[in-house]
Amino acid sequence: MQQPKTLVVDLDGTLVRTDTLHEAFWAALGKDWRAPFGALAALAQGRAALKRHLAAEVPAAEALP
């Protein structure tokens, strides 16, 4: 019996194969090695603050594989 395939829908309704938060984090790290420190500081204010920080650092088109 085959395993069911996973379908991921982002909040804006688009279909993606990955978690865009993770992709944005790695894209930010690829642009600047200090990105994890800024992300950690933003995360101290909550998950929404982290997402805002990463969205400001990396345009969505760059975050997706």
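These are my notebook entries on what I looked up in this predicted model.

**Ground rules**

I number residues from 1 along each chain as its sequence is written, and because this is a predicted model, local features need pLDDT of at least 70, side-chain atom pairs count only at pLDDT 80 or more, and totals for chains, interfaces and linings use all residues. Side-chain values use heavy atoms, with hydrogens and water left out.

**Entry 1: the whole chain**

I started with the secondary structure, and the protein chain has four helices and two strands. Helices (H or I, at least four residues) and strands (E, at least two) are DSSP runs, numbered from the N terminus. Along the sequence I read the pattern β-β-α-α-α-α.

Next I looked up burial. I call a residue buried under 20% relative accessible area, exposed over 50% and partly exposed in between (1.4 Å probe, protein chains only). Of the 65 residues in the protein chain, 20% count as buried. The chain exposes about 5,300 Å², and carbon and sulfur atoms supply 60% of that area. These areas come from the Shrake-Rupley method with a 1.4 Å probe; for residues, only the protein chains shown count as cover.

I also checked contacts, meaning heavy atoms within 4.5 Å. Among contacts in the protein chain with a separation of 6 or more, 53% are between residues 24 or more positions apart.

**Entry 2: helix 1**

How far apart are the end C-alpha atoms of helix 1? They are 16 Å apart, which agrees with the 16 Å that the 12 residues of helix 1 (residues 20–31) should span at 1.5 Å a residue. The expected span is 1.5 Å times one less than the number of residues.

Which residues of helix 1 are buried? I found Leu21, Ala24, Ala27 and Ala28. They cover an arc of only 125° around the axis, which puts them on the same side of helix 1. The arc is that of the directions from the helix axis to the C-beta atoms. A reminder to myself: an α-helix has 3.6 residues a turn, so residues three or four places apart point the same way. The face turned away from the buried side of helix 1 carries the exposed residues Trp26 and Gly30.

I then picked out some single residues of helix 1.

- Alanine 27 lies in helix 1 and is buried, with a relative accessible area of 18%. Alanine 27 and glutamate 57 are 30 residues apart in sequence, with 8.9 Å between their C-alpha atoms.
- Alanine 28 touches Ala35, Leu54, Glu57 and Val58, leaving out residues up to four places away in sequence.
- Leucine 29 is also in helix 1, and its relative accessibility of 27% makes it partly exposed. With residues up to four places away in sequence left out, leucine 29 touches Ala35 and Pro36. The C-alpha atoms of leucine 29 and valine 58 are 9.7 Å apart, across 29 residues of chain.

**Entry 3: the core**

Which residues make up the largest nonpolar core? I listed nine: Leu21, Ala24, Ala27, Ala28, Ala35, Ala39, Leu50, Leu54 and Val58. Helix 1, helix 2 (35–43) and helix 3 (47–57) each give two or more residues to this core. The largest share, four residues, comes from helix 1. A nonpolar core here is a set of buried Ala, Val, Leu, Ile, Met, Phe, Trp, Tyr and Cys residues joined through side-chain atoms within 4.5 Å. In soluble globular proteins, nonpolar side chains tend to be buried together.

In helix 3, I found Ala49, Leu50 and Leu54 buried. Their arc around the axis is only 130°, which puts them on the same side of helix 3. On the other side of helix 3, Arg52, Ala55 and Ala56 are exposed. The cover over the buried residues of helix 3 includes helix 1 and helix 2.

In helix 2 I looked up leucine 40, which is exposed at 58% relative accessibility. Leucine 40 and leucine 50 are 10 residues apart in sequence and 7.8 Å apart in space, C-alpha to C-alpha.

**Entry 4: aromatic rings**

How many aromatic pairs are there in the whole structure? My search gave two. In one, the rings of phenylalanine 25 and tryptophan 26 have centres 5.2 Å apart and planes at 80°, so this pair is edge-to-face. Phenylalanine 25 is partly exposed at 24% relative accessible area, while tryptophan 26 is exposed at 52%. The rings of tryptophan 33 and phenylalanine 37 have centres 6.4 Å apart and planes at 90°, so this pair is edge-to-face. Both tryptophan 33 and phenylalanine 37 are exposed. For the cut-offs, rings of Phe, Tyr and Trp (its six-membered ring) pair if their centres lie within 6.5 Å; planes under 30 degrees apart count as stacked, over 60 as edge-to-face and the rest as tilted.
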